Amino acid sequence: MRFTAFSDRAARMVRHPGFYKFAVLVAVSGGGAVAYADARSDPSSEYAQAGPKKKLVVLGTGWAGTSFLKNLDTSLYDVRVVSPRNYFAFTPLLPSVTCGTVEPRSIVEPIRNIMRKKTGPIRFSEAECYNIDPTNKKVLCRSTIGTNLDGNGEFELDYDYLVVALGARPNTFNTPGVSEHCHFLKEVEDAQRIRRSVMNCFEKASLPNLSEEERKKNLHFVVIGGGPTGVEFAAELHDFVQEDLSKLYPNALELVKISLIEAGEHILTMFDKRITQFAEEKFQRDGIDVKTNFKVVKVSGDAITMTNSSTGEVNVPYGMAVWSTGIGTRPIILDFMKQIDQGNRRVLATDEWLRVLGCENIYALGDCATIAQRKVMDDISSIFKVADKDNSGTLTVKEIKDVLEDIIERYPQVALYLKTKQMKDFLDLLKESESDVVKESVELDIERFKKALSQVDSQVKMLPATAQVAAQEGEYLAKCFNRMKFCEENPEGPLRIRGEGRHRFKPFRYRHLGQFAPLGGEQTAAQLPGDWISIGHSSQWLWYSVYASKQVSWRTRILVVSDWMRRFIFGRDSSCI
């Protein structure tokens, strides 16, 4: 009765015309405050579509696709989602799943749970897209469960806008035997297979009538790839063996060996050198055999063949191997790239607004795409023309400063170059090129202008293929779609260098929030913005809090935290389920 009365009063409040002006709900979660306001406060809400909604098809439910859906105003579009898996997986915790630190269902959220919380309806199809037809604006899909009358499960969807967020696949570099004999660590199913394989290796080594050589082979775990995933898995496996399996298989402990193979000179090369050095020294203390400058050339059922400039070719027997050397492009993306004349690229290329180059209404984000940042020197003549408002053929420093903000927004490498060289503005850039005192009244012809900007393109950087980038891209693109109608009439972006007016939206800008490298033994290396490095137990607790707060729902947040508590109390589960 109390709840009913409260609901009636709440309904009368919501119907009150002044309610939406001031109603703000502040929710505190994971150490952060998030404010939710009614959509009527957004001027773009006045531009809600009155006619038939445009068809928006989203391919994929990974980090990019799910972030896009969570932030999209689905009442504005007819949204269809297609993915072969009906859930979102928190992939940074996959190494924890391999050793039972976290249960697989704790890191997945059914995509329909996310969909039902949206304001507008979303239709989901558990199927795989096998062809994109940009000419006819169709995607061809195939369900593995066979839902149509023919029993092959094939269907096609029309679209007005297409968002491609299909992710990537493991990159084997065409190394013989990798696909047949190695485990990957990209999906939840991969982590479950690794978990069963680890336990099977210990059970095999415990069988009677085996020689010590055979037991050593079964208990040799090899990780190929010294990136964050490979390093974290090796650390998790070491902790699993030392803290839990040593009690269950006491006779096998001395025979266990973990090897980490890296083709480069060091592991964790994307981190600060201090972290790399600490990780290598810690692994050496823990007994993890780190082999750098070794390239794997072949994998068979019994041995891994690798080469080194000093030792030559070496065959190493193993019990289980995990391949974690980077990502490759999915076949559907390769086929699509050939259709749009991008066949010579490694991944799908987009502009700074995540729109696929050569396609008007197709967007790509996440690991399947990369932003092809335009270079200043390719547009230098157009930039000069835009800045030269009086058509005098020369530019003053003041004229350049008038458009500098737009240039920096359109070409972020200019700001990076100024920051790298510790320069304040264009005048400092001009002084560097002239090697003399320069006044603001000086006039530049196009050759001097080119000379001043000749080095800025050295700061063009490719974005890393990480969950952090994909999530930010999804959020950015959703906000663009939410404001598309409004921004068509009220553009917010920088000046068009090759055309009239302004771009509809500001270009995507990635904001790096830091990265973690768990190294086992309740120690983690953290590299945060501002060159802030932290290594040790305190960083491990920071890792716990950040990863708990980044879960997509309270359900998964509670499950993950409870798994960590269970592990502290009872240890990791060693069953082969």
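1. A residue is called buried here when its relative accessible area is under 20%, and exposed when that area is over 50%. The model under discussion is a predicted one. Phenylalanine 336 has a relative accessible area of 0%, and it is therefore buried.

2. Phenylalanine 336 belongs to helix α11, which covers residues 331–339. Apart from neighbours within four places in sequence, the residues in contact with phenylalanine 336 are Ile132, Pro134, Leu348, Val356, Cys359 and Ile362. With leucine 348, which lies 12 residues away along the chain, the separation between C-alpha atoms is 8.6 Å.

3. Strand β17 (residues 303–308) is largely enclosed by the rest of the structure, because five of its six residues are buried. Strand β16 (residues 295–299) runs antiparallel to β17, and four bridges join the two. Within this pairing, threonine 305 of β17 has lysine 298 opposite.

4. Three residues lie between β17 and β18, which form a hairpin.

5. How are two packed helices described? The description consists of the angle between their axes and the distance between the axes. For helix α19 (residues 537–549) and helix α20 (residues 554–570), the angle is about 150 degrees and the axes are 8 Å apart. The two helices are therefore roughly antiparallel, since angles over 145 degrees are classed in that way. On the α19 side, the contact is made by Trp543, Tyr544, Tyr547, Ala548 and Ser549; on the α20 side, by Arg557, Val561, Trp564, Arg567 and Phe568. Of the residues in this contact, seven are nonpolar, one is polar and two are charged.

6. Two backbone values deserve a check. Most residues other than glycine have a negative phi. Phenylalanine 173, however, has a positive phi, near 55 degrees. This residue is located in the loop between β12 (169–170) and α6 (178–181). Its relative accessible area is 52%, so phenylalanine 173 is exposed.

7. Aspartate 531 likewise has a positive phi, near 60 degrees. The loop that holds aspartate 531 runs between β27 (523–528) and β28 (532–536). Is aspartate 531 buried or exposed? Its relative accessibility is 53%, and aspartate 531 therefore counts as exposed.

Conventions: Residues are numbered from 1 along each chain as its sequence is written. This is a predicted model: local features need pLDDT of at least 70, side-chain atom pairs count only at pLDDT 80 or more; totals for chains, interfaces and linings use all residues. Side-chain values use heavy atoms; hydrogens and water are left out. Buried means under 20% relative accessible area, exposed over 50%, partly exposed in between (1.4 Å probe, protein chains only). Contact means heavy atoms within 4.5 Å. Axes are lines fitted to C-alpha atoms, for helices over the stretch in contact, and angles run from 0 to 180 degrees between N-to-C directions. Angles under 35 degrees count as roughly parallel, over 145 as roughly antiparallel, 65 to 115 as roughly perpendicular and the rest as oblique. Ala, Val, Leu, Ile, Met, Phe, Trp, Tyr, Cys and Pro count as nonpolar, Asp, Glu, Lys and Arg as charged, and the others, Gly among them, as polar. Two strands pair if DSSP finds at least two bridges between them.
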